[in-house]
Each structure stands twice: as C-alpha cells, then as structure tokens.
Amino acid sequence: MKIWIKIAIYALLVGAIITLSGLYFESCKHVSSLKFQVKEQTQVIDSLLARRMTLFDVKLQVTDKSKSVIHGRYNKGTINMPQERTYTLSIDSMNIKIK
C-alpha cells in the first residue's frame, strides 16, 4: 500500500516538473519574439526620426455671413441657435510638392 502511494506522489512530481519545464520553454520563446519585435520597431522609429521634416505654418481666416431665417406663424417662445461655428483645415502632406 505504501509503495503505491510513493509511486503516485513521484508520478505527480514528474508530471509537475514536465509541465513547468514546458511552460518555461514556451515563455522563453515568447520573450525572444518580443525582443525581436522591439528591435524592429526601434529601427522603424529611428528611420522616421531621421527623415527630413517640413513644417507648415497655416492660418485659416473665415468670415461667416450665414443667416438663420425662421418663419413661424403664430408661434411664441424662444429658439436658441448656436452662433459658434467650427471650421477645420486639413492638409494632405502626401500631395504637397516642395521646391
């Protein structure tokens, strides 16, 4: 009876060692792939930082003369309309040629 208990304990220990060693080797493999990705990303970032940059100073001046006309017959009360208008200027830097 004691022999079977010892065999079961040893089998559990061997199984645990095999499982832990497999997990260790898998994590080492994952860490090495992450190091490789960091190295590639570092090269990409360095190449982007080394390229020649062109800065644009852009101003947008807009005069908004739009009118809001409301025709309401026999209506009473107030209508609140926002007077602020937001304009966005977008520049596509891929289509600009610099001489």
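**The aromatic pair and its setting**

Guide: The chain has one helix and zero strands, where helices (H or I, at least four residues) and strands (E, at least two) are DSSP runs numbered from the N terminus. This is a predicted model, in which local features need pLDDT of at least 70 and side-chain atom pairs count only at pLDDT 80 or more, while totals for chains, interfaces and linings use all residues. Residues are numbered from 1 along each chain as its sequence is written, and side-chain values use heavy atoms, with hydrogens and water left out.

The structure holds one aromatic pair. The ring centres of Y24 and F25 lie 5.6 Å apart and their planes meet at 65°, so the pair is edge-to-face. Rings of Phe, Tyr and Trp (its six-membered ring) pair if their centres lie within 6.5 Å; planes under 30 degrees apart count as stacked, over 60 as edge-to-face and the rest as tilted.

Y24 and F25 are both exposed; that term means over 50% relative accessible area, buried means under 20%, and partly exposed lies in between (1.4 Å probe, protein chains only). Across the 99 residues of the chain, buried residues make up 0%. V58, for its part, is partly exposed, with a relative accessible area of 39%, and its place is in the segment after α1 (2–50).
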